[in-house]
Structure formats: C-alpha cells, structure tokens
Amino acid sequence: MRRNVSVIGAGNMGGGFAVHFAIHGHDVTLVDHREANLEDAVKRIEATVTELNEGDITDRSPDAVLDRITLTTAQEEGVADADIVLETVPEDLEIKQAVFEAVGEAAPEDAVLASNTSGIPITEIQSAVPDHADRVVGCHWWFPPYLLEPVEIVRGSQTSDRTMDRIREFVESVDRRPILVRKDVPGFVWNRIQNAVIRECLHLLEEDVASIEDINAAVRDGYARRTSVIGPFETMDVAGVEQFRTVAEHLYPHLSTTKTVHGTFDELLAEGRTGIDAGAGFLEYDDPGEAIVRRRDARLSALARCFDSFDSPASAESSDSVAE
Ligand SMILES: NC(=O)c1ccc[n+]([C@@H]2O[C@H](COP(=O)([O-])OP(=O)(O)OC[C@H]3O[C@@H](n4cnc5c(N)ncnc54)[C@H](O)[C@@H]3O)[C@@H](O)[C@H]2O)c1
C-alpha cells in the first residue's frame with residue numbers, strides 16, 4: 001500500500017531513505033532545517049539513482065524518483081499528512097527529542113514516529129513525548145540503506161504492539177528484513193557486534209599481531225565474506241557446538257575486554273587523520289577517499305544482484321535439478 005513517509009533530516013541517511021522509499025512506490029516528504037542541505041540532497045539523490053541504474057538495482061530515471069519526493073524546510077507542514085515519520089537528524093538526544101516534540105504534535109494522531117538512531121535508547125526519546133510515547137519506535141538502518149537488507153526495529157518501554165506491527169509492515173513493504181530488537185539496549189544488535197569486532201581489530205593492531213592492511217583483508221575478504229552467506233549460529237552448528245565450546249574456553253581469556261577507548265583513536269585525531277575527508281585515517285587516500293566509497297557501493301550492488309539471481313525461484317529449480 002502506498003504511504004506518505006516524512007523523513008526528517010536530509011543528510012546521508014535521509015537522502016538514501018528518500019531514494020529507497022520512492023523507488024518502492026511511497027510518497028516521500030524530505031524535511032531539513034537548512035535549505036542548502038535539501039539542495040545538496042537533490043544532487044546526492046540524482047547521483048545515487050544513477051549508480052543504482054548502473055548497478056542494475058533499479059531502472060528508474062532520477063527525475064522519476066525525484067517526482068515522488070517533496071522537499072521542505074517547513075517541518076510541521078511536512079509531517080501533516082504522514083503515515084510514517086522517520087527521524088534521521090544527528091545522533092544527539094536533545095536534538096532528537098526536540099524533533100519528536102514538534103512532530104508528535106504536528107503529525108496525524110495515528111502516524112508512526114520512528115527514529116533511525118544508531119544507539120540512543122528509544123525509551124529516552126519517548127520520555128520527551130509522554131503523550132505520544134506509544135507511537136515512538138526505533139527503526140535503525142545501515143548505510144547505504146538502498147543496498148543493505150536488515151533493519152532493526154527497536155521496542156522502547158512504551159512502544160505499543162500496534163506501532164511494532166505497523167513499522168514492521170512498512171519495512172517489509174520496502175523489501176527489507178526486520179530484525180526485532182526486543183530489549184532497548186545501547187547499540188542494539190548490529191552496532192554491538194560491529195564494535196566488538198572493531199575492538200578486537202584495534203587490540204590486534206596495538207599488540208602488533210598484524211598490519212592494518214592484513215587485519216582489514218582478514219575481516220573483509222574472509223570472515224565477513226563467509227558470514228555474508230552463513231550466520232554465526234549456523235557456522236557453530238556446521239562446525240559442531242563442541243568445537244566452538246573448546247575454542248571459546250581457550251581463546252576468551254586472550255580477547256580484548258577493555259572498557260576504555262583505544263589510544264589509537266586519540267593518536268590519529270591529534271594528527272588530523274580523521275578519515276577520508278582529510279585524505280587519511282588509519283590508511284591514506286588520494287581522491288579524497290571517493291574511490292573506496294564507489295568501490296564499496298559497486299561491490300554491494302554486485303552482491304545484491306548475485307544473491308537475487310542465486311536465490312530466485314528459477315535458480316532454485318535449476319539447482320534442484322542438478323541435485324537430482
Ligand atoms: N551515516 C550512517 O552511516 C548512519 C547509519 C545508521 C544510522 N545513522 C544515524 O542516522 C542519523 C543521521 O545520520 P546521518 O549520517 O544521515 O547525519 P547527517 O549529519 O549526514 O544528516 C543529518 C541531517 O539532519 C539535519 N538536521 C539537523 N537538525 C535538524 C532538525 N532539527 N530538523 C531537521 N533537520 C535537521 C542536518 O541539517 C543534516 O542534513 C543519526 O542518528 C545516525 O546515528 C547513520
């Protein structure tokens with residue numbers, strides 16, 4: 001069913017949402033408090049749709065996608081007809097609470113009020129809008145939202161069952177896989193796992209066990225590549241629970257359990273090595289770093305195409321017939 005979706009915040013995530021929701025047939029209102037950010041978002045939306053066309057992910061023209069997107073700085077008008085509001089402003093509790101206070105009053109009284117926070121507890125956002133708390137829910141996507149399938153749906157302490165059902169139905173309507181986060185814990189599921197892996201990568205680096213390039217390759221081309229086709233619990237079952245129990249007993253005492261932030265972060269920041277925009281972070285970048293982003297998105301598109309064709313009914317039939 002076609003819905004009115006208001007996206008608050010036209011940054012990296014907001015522009016991506018507008019593209020993805022418009023491609024999936026919804027009408028999108030993209031709201032930002034700065035006109036210039038909306039103008040930048042239009043350029044990013046056009047570039048994203050062009051890339052998705054090149055990657056055979058869609059065949060819509062940028063103009064056809066933009067036709068479904070209304071841009072505005074008038075937040076209250078922008079949510080007045082919304083079925084779903086998805087907030088994606090900076091990761092700051094006060095900013096998010098202020099947005100929810102305003103849209104809670106301005107949106108229709110049965111609109112779902114969702115937050116794309118990466119890790120702020122939903123219950124803390126709800127505390128700012130006691131009259132609308134049952135309609136507030138976490139709806140956390142990963143970047144780029146038009147290429148990655150799982151979306152965390154996070155229940156705050158006051159989120160109603162009806163809100164949970166409606167946001168899940170919306171996420172499925174845009175061809176995404178809801179991950180139900182039953183407890184409102186910091187970092188939810190994805191960011192806890194991602195940061196557990198990153199903590200161990202930094203530990204290995206600081207202990208001089210391997211180079212940045214080699215740790216990168218071990219995760220990217222080995223662990224993550226296999227994990228993209230078989231999850232951790234399936235992996236343990238395939239190897240045998242006994243084997244993983246034995247490894248855990250020997251290995252856990254050696255893994256990082258630090259609760260303080262690694263010194264490497266502060267050393268890099270002190271040197272101005274803040275990441276691709278500065279031309280350097282953990283590694284060096286020439287252009288400034290655009291190639292790595294293009295390569296990431298091209299490879300993600302290729303993987304999506306590959307999985308789609310591999311998992312399609314026609315392909316399943318042909319693999320069955322090979323098995324016979
Ligand atoms: N970038 C990612 O990879 C990523 C991934 C998952 C989740 N998130 C989460 O998504 C949210 C947004 O992240 P982002 O990277 O898109 O940020 P961003 O800085 O690129 O964009 C934020 C946008 O919000 C706008 N904004 C700020 N205050 C506003 C207000 N009061 N009303 C309307 N617009 C306002 C800003 O002008 C900006 O355009 C954060 O909570 C972040 O943690 C980001």
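A residue counts as buried if 20 or more other C-beta atoms lie within 10 Å of its own, as exposed if 12 or fewer do, and as partly exposed in between, with C-beta atoms placed from the backbone. Alanine 218 has 14 C-beta neighbours inside 10 Å and therefore counts as partly exposed. This residue is found in helix α9 (residues 212-227); helices (H or I, at least four residues) and strands (E, at least two) are DSSP runs numbered from the N terminus.

The model is predicted: local features need pLDDT of at least 70, side-chain atom pairs count only at pLDDT 80 or more, and totals for chains, interfaces and linings use all residues. Residues are numbered from 1 along each chain as its sequence is written.

**Domains**

The chain is divided into domain 1 (4-181) and domain 2 (192-310), with bounds that come from an automatic or database domain assignment. Taken over C-alpha atoms, the centres of domain 1 and domain 2 are separated by 28 Å. Six residues from domain 1 and six residues from domain 2 make the contact, where two residues are in contact if their C-beta atoms, placed from the backbone, lie within 7 Å. On the side of domain 1 that touches domain 2, three residues are nonpolar, one is polar and two are charged. In this classification Ala, Val, Leu, Ile, Met, Phe, Trp, Tyr, Cys and Pro count as nonpolar, Asp, Glu, Lys and Arg as charged, and the others, Gly among them, as polar.

**The sheet**

Eight strands form an open sheet with mixed pairing, in the order β3-β2-β1-β4-β5-β6-β7-β8. Strands β3 (69-72) and β8 (177-181) stand at the edges with a single partner strand each, so one side of each is left without a neighbour in the sheet. From one strand to the next, the twist averages 25°. Helix α1 packs on the sheet, where α1 touches β1 (4-8), β2 (27-31), β3 and β4 (84-87), and the direction of α1 makes about 170° with that of β2. Axes are lines fitted to C-alpha atoms, for helices over the stretch in contact, and angles run from 0 to 180 degrees between N-to-C directions.

Strand β6 may be followed through both of its pairings. Two strands pair if DSSP finds at least two bridges between them. Three bridges join β5 (residues 112-115) to β6 in a parallel arrangement, and alanine 114 has valine 137 as its bridge partner in β6. Three bridges also join β6 (residues 136-140) to β7 (residues 150-154), and these two strands run antiparallel. Glycine 138 has valine 154 as its bridge partner in β7, while histidine 140 stands opposite glutamate 152 of β7. Strand β6 is mostly covered, as five of its five residues are buried. Val136, Gly138 and His140 point one way from β6, and Val137 and Cys139 point the other way.

**The ligand shell**

The ligand is surrounded by 24 residues, of which the closest are Gly9, Gly11, Met13, Ser118 and Phe143; a residue is near a molecule or strand if its C-beta atom, placed from the backbone, lies within 6 Å of it. By class, this shell has 11 nonpolar, 10 polar and three charged residues. Helices α1 (12-23) and α5 (93-106) each supply at least two residues of the shell, and α1 gives the most, with three residues.

**Backbone geometry**

Most residues other than glycine have a negative phi, and most peptide bonds are trans. A cis peptide bond joins phenylalanine 143 and proline 144, with omega of about -5°. Proline 144 is found in the loop between β6 and β7.

**Helix residues and separations**

Leucine 303 lies in helix α13 (residues 290-311) and counts as partly exposed, with 14 C-beta neighbours inside 10 Å. From leucine 303 to threonine 260 the C-alpha to C-alpha distance is 36 Å, and the two are 43 residues apart in sequence. The C-alpha atoms of alanine 218 and valine 137 are separated by 36 Å, and these residues are 81 residues apart along the chain.
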